[in-house]
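Open the model in your viewer and keep the selection tool at hand. The stops below are meant to be taken in order.

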Amino acid sequence: MATYGQGRAVGRPLWLGSVKSNLGHTQAAAGVAGVMKMVLALGEGVLPRTLHAGVPSRKVEWGAGHVRLLEEEQAWVRGERVRRAGVSSFGISGTNAHVILEEAPAEDTPDTSSDTGTEPSAPAVMLPLSARQARSLPAQAERLRDFLDARPGLPLSAVARALGTRRAAFGHRAVVVGGDREQLLAGLDALATGRPSAAAVTGRARTGGRTAFLFTGQGAQGPGMGLELRARYPVFAETFDAIDAHVGLDLAGVLRGDDPEAVHRTQYAQTALFAYEVALFRLLESWGVRPDVLSGHSVGEIAAAHVAGVLDLEDACALVAARGRLMQALPEGGAMVAVQAGEDEVRPLLDERVGLAAVNGPASVVLSGERDAVLAAAATFAKTKRLSVSHAFHSPLMDAMLDDFRAVAERLTFREPRVDVVSALTGRPATGEQLCDPEHWVRHVRGTVRFADAVATLAGSGVTRYVEVGPDAVLTGLVRECAGEGDAVFVALGRRRGAEPAVLLSGLARLHADGLPLDWAAIFPGTARAELPTYAFRQERYWLDADVPLTMDRPATQPAAGPVEAVAPAAVPDVRDLRERLASAPEPEREALLADLVRARTAAILGHEGPHAVEPDDAFLEIGMDSVSAAELRGALGDALGVTVAAGAVFDHRTPAALAAHLRERLAGGGVDGPAGDDIESVSGLVRRAAAGDGWERAITLLHSVADILPGFSSAAEFGDVSDPVRLATGDEGPRLFCLPSPMALGGAHQYARFARHFHGRRDVLVPDVPGFVPGEPLPRSAAAVVEVVVEGVRRACADGRPYVLLGYSSGGQFAHAVAEAMEKAGTPASGVVLLDTYLLADDGTEQLRREMFNGMLDRESSVGGFGTARLAAMSRYSDLIQDCLPGALTAPVLFVRPEDPFAPGLDGWQAAWEGTHELAEVPGTHFTIMEDRAESTAGAVEKWLSGIVAL
């Protein structure tokens, strides 16, 4: 009144409103809600009336100034005077905030939605979209389609760059690829309306999994290959031309020449393939697409060795040129025949005239050698195909060129590979010694291409993306046959038909949809800034209908006219109908029904609108499931199915799909899951009985015996597939956190649920798989085996190269430190290590401490739904392993966090200590509660330390 209500013109009072009248008490959001209200008012040109304030307060002296309540809506349009609004927020603590908003200046030029920066012409464009749920993608596509349709002058490459660099990349993804505006709009329309389209790729991004680049061998070449890429992408052209200059064959001229057969002559075919593949690799590298492992089929292995750093460009060109030249010089003749048969079936037919050129699959081999002998051997099989080749490669007919080729190889300089290579000569990972041995490359000419074994090795190492780097999809089908469909992605970046840039981007679109990071600014260079449509948020109405009275003293006299649009509780299947359908359904349909049940019950417990809000591969912990809701889910599933769901099942089978598979197996076995957890005949029942009688040592002895009976593993390869880390929080701040849980019966990603809430929206928090705690998993035989499995999970999740910190709780800190040591030795060091109350219990004199920890763990058994045999046996094994997992040398900084209070009364020497160099932080709570009700304080201490190391 005294400040803004004085000296105002007649008819122009200071209008006074309140956001509380619109939304109710907004508490801490009052200020930002007021700002939002006035920004909307500026945009709409209207001052909304203040509700529920028809009579001005008599406690305000309204005549002391020209201030009026907004009893009625007032027009507030742009005019000669600049429109301004003041927003004040008053906190109960006395903290007040004030801001003045002013309308933006009027724009004199029409909105073009992009600035005037330069934008190079793009031969093809891919537009990435993403959403948190698959059902939201069509709305994103529809909004972008309408936005582009209304702006025909908007550079599409600038839009692609903006989508890739300025929009968050959520888990559910779609990419539309096209060579022109019409194709892109048609692809967006198909995506928006749910129609299939070759221009639209959809997928679910994965955080883990390795990427393998496979370099194609001879046979994939064709006239004109690479010329479009060479004309449109400078990186490709520079590399291709550099190789052409080294080999001196005018490859570009051969490829564009009038003789379509020239490129198929071995001398040109092998060098042209090498030039294409290396140039394509360098182009991908410039776009941020990098492999974890490399392999090649026949001559393709030379390209793999070069890009791995084994040979520099000059020596690699010398090797591939000599190979092609010397093979071309051999007398023509011989034959190669592809046979549908296994290696064991053809091996009796091999001799000095017939060789085994390749084993491409479990029932796919190639015979090579003297023409009549090879044709006679192949004639004994039902399905064969003679290959169109000038020479019988990988056969005894190659022997005449080996000495001259050896002489070339021995003059070259070989180096240790910088990227893992799986050799198709052996089918195994290639050592530096092998790749640096000239004899390897001599044997490579003559020996069998063991491609099927190479694919098996790649799959065993955790590869989930197979990317064929070649001019045609030759290896992709072979890989799919060898690896099986599963959840792997098979992508060919070249095809004989179709525009090369569009084919290449289509392949990259599939990789992006699967989660492989791309450098969008490098793919679409330019400086034009394109505006984007706003995100198509899903809108759910939670308001009561306006005609429903909101006061308890006025009962409703009639229902609202018309339907009330509100969020209904998740529908769940009828129990009787479900059991009948499960009893009669075939096995695949049974698992689908169980998956629907799990999703429906999960959605209902978590308060979601329906089953569609829970994806089959959503991790329970990632979507908000905790120990309480997990127990509710177990009970709900048990009631629906008429069985007892195993203790810990929700955490042991961490997605709806995995839990459904477990339930199917349970039902197939009659629903019997062994003795109940509190039965004296169960392992957990015996452990509790022993502990209750002060016989905890006997309980541990029992568990040691159980662990010795169960199967074990000594390496990551022997363990099998390593699960992707569970993501508990997501954010752009670095470094990300990898949190190792305690390797005890209480352990698991759920231990970090409260801790991770502190980092929501700010920092990635991921929990790697600690092996052995899930029923059916083998137990580690050594600490080194554990470290190897965890390292694999961390390494796969760090494929984007972002900095990371390893964190471990309790004994998990020892393994976090060991993993950091291993990663540091491998050249990918952690930015730091955090140890949360990690005790080194290898010393004597800690019996009381161990016993109290054991009892404290049993007291919290309900938090994981009960201790099954797998958890208890794993705890027993890890209690032995941690004594051998002592800290070694590490250069990364270490934060040691410990609680202020003991976890049991009367304990002596209860505080943990860390001997290595570290920073100490003490937080409220006990050993257990620092991760429970005091987890926020613990997370705050870690956040403070992370900010410090980032500043360094």
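This is a predicted model: local features need pLDDT of at least 70, side-chain atom pairs count only at pLDDT 80 or more; totals for chains, interfaces and linings use all residues.

Residues are numbered from 1 along each chain as its sequence is written, and side-chain values use heavy atoms, with hydrogens and water left out.

Select Gln140, in helix H3 (residues 137-149). Helices (H or I, at least four residues) and strands (E, at least two) are DSSP runs, numbered from the N terminus. Is Gln140 buried or exposed? Gln140 counts as buried, at 6% relative accessibility. Buried means under 20% relative accessible area, exposed over 50%, and partly exposed in between, with a 1.4 Å probe and protein chains only.

Next, select the open sheet of 4 strands, with the order E13-E14-E12-E15 and antiparallel pairing. Two strands pair if DSSP finds at least two bridges between them. At the edges are E13 (354-361) and E15 (384-386), each pairing on one side only. Within the sheet, Val359 stands opposite Val365 in E14.

Now select Asp764 and Arg802, whose side chains meet in a salt bridge (3.1 Å, N to O). A salt bridge is a side-chain nitrogen of Lys or Arg within 4 Å of a carboxyl oxygen of Asp or Glu. Asp764 is buried at 2% relative accessibility, whereas Arg802 is partly exposed at 25%.

Last, select Glu142, Arg145, Asp146, Asp189 and Arg195, which salt bridges with shared partners join into one network.
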